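Keep the structure open beside you and take the points in order.

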Amino acid sequence: DLKIHFPMKNNILFNKEKRFVKAVDGISFVIHENETLGLVGESGCGKSTTGKSLLRLIEPTAGEVIFEGKDITKISTREMRDVYRNMQLIFQDPYASLNPRKTVGKLIEEPLLINSDLSPKDRLDRVYELLDVVGLNAYHANRYPHEFSGGQRQRVGIARALALNPKLIIADEAVSALDVSIQSQILNLLRKLQQSFGLTYLFISHDLSVVKHISDRIAVMYLGEIVELGTKIGLYDKPLHPYTQALLSAAPSIKSTNRRERIVLEGDMPSPVSPPSGCKFHTRCFAKMPECELVRPQMRDMGDGHYVACHLYK
Ligand code: SF4
Ligand code: MG
């Protein structure tokens, strides 16, 4: 039941009534060990905020984040260090997160310097090992990020994330800035690394084809809520929520038998400051019923690991 509400400034303008941006508004999900959970939705739906809050880079307003049996929202900064070792983030634009004045070798060494007791010699060995693991080599260690292509830079970002042998990797739009051909190389690398090291991924993306490629299960977010969650096959073959149906109808499909009639969503996603009442999707839903404006639909278990929050399913 994770919530992340940001207080708004200039409260006086609104009759002293406190206003909040409800970026994440009571979501619940499980990520199983060794799986990839895709988190998909339009930009601004709360995906990145969710990802960051798992690492407490953004503190949750309410709710729990249970990692290996422990609610990490309640532990000390000291204890959080172990968590940081086990949970790592990969960003969309590795270039922005890589110090341009440091060589790639130094950049990969950084997490080891901060969070391990390795000797300089062992650190260097580990850097070479990591370069190899992500498909680069020792020759790249002395070069600078600007000498690298986007795909190579993302490999460096992945090497850094892997440096401390994490268990969970949160990838936020990790391939969104890359060309399609490079995207699949990086996705294949991530899959290979998952198998080799038993990694668990939360894979955040607005791009349904990317999420489909890599995920075992998928959660669909809309305006700070998860509206549908299912296995990849369940969700793509039989999307239940009107929002998921609309998203999928807009995504290109290779198999002609899978071609869906295009559902065009009207308008933009409403503001999370004053979200619509009842079902937050009702302002754009083609299947809207009178009760949709009044009652927030609860998540329902539809069997086979498929869950949906919509009044159409009772
Ligand atoms: Fe549409 Fe109503 Fe379902 Fe919301 S609850 S998605 S408005 S049918
Ligand atoms: Mg984002």
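1. Let's begin at ligand 1. It has 14 residues around it, and those that come nearest are Cys-279, His-282, Cys-285, Cys-292 and Cys-310. Sorted by class, this shell holds 10 nonpolar, three polar and one charged residues. Please keep in mind as you read that the model is predicted.

2. Next, have a look at helix 4, which spans residues 104–115. Which of its residues are buried? They are Val-104, Leu-107, Ile-108, Glu-109, Pro-111 and Leu-112. An α-helix has 3.6 residues a turn, so residues three or four places apart point the same way.

3. How do helix 4 and helix 6 lie relative to each other, parallel or antiparallel? Their packing angle is about 30°, and their axes are 7 Å apart. Angles under 35 degrees count as roughly parallel, and helix 4 and helix 6 are therefore roughly parallel to each other. Helix 4 makes a right-handed crossing as it passes helix 6.

4. You can trace this contact residue by residue. From helix 4 come Val-104, Leu-107, Ile-108, Glu-110 and Pro-111, and they meet Val-156, Ala-159 and Arg-160 of helix 6. By class, the contact of helix 4 with helix 6 is made of six nonpolar, no polar and two charged residues.

5. Now turn to the other neighbour, helix 5. Here the packing angle with helix 4 is about 115° and the axes are 9 Å apart. The crossing of helix 4 and helix 5 is right-handed. On the helix 4 side you will find Gly-105, Ile-108, Glu-109 and Leu-112, which meet Arg-123, Arg-126, Val-127, Leu-130 and Leu-131 in helix 5. Five nonpolar, one polar and three charged residues make up this contact of helix 4 with helix 5.

6. Two backbone details deserve a glance. Arg-56 is not a glycine, yet its phi is positive, at about 60°. You will find Arg-56 in the loop between helix 1 (47–54) and strand 4 (66–67). Because 17 other C-beta atoms lie within 10 Å, Arg-56 is partly exposed.

7. Glu-68, also a residue other than glycine, has a positive phi near 50°. Its place is the loop between strand 4 and strand 5 (70–71). Is Glu-68 buried or exposed? Glu-68 counts as exposed, because it has 11 C-beta neighbours inside 10 Å.

Notes: Residues numbered from 1 in each chain as written. Chains lettered and ligands numbered in written order. Predicted model: local features only at pLDDT ≥ 70, side-chain atom pairs only at ≥ 80, totals over all residues. Buried ≥ 20, exposed ≤ 12 C-beta atoms within 10 Å, placed from the backbone. Helix = DSSP H or I, 4+ residues; strand = E, 2+ residues; numbered from the N terminus. Axes fitted to C-alpha atoms, helices over the stretch in contact; angles between N-to-C directions. Parallel < 35°, antiparallel > 145°, perpendicular 65-115°, else oblique. Left-handed = near helix turned anticlockwise from the far one by under 90°. Contact = placed C-beta atoms within 7 Å. Nonpolar A, V, L, I, M, F, W, Y, C, P; charged D, E, K, R; others polar. Near = placed C-beta within 6 Å.
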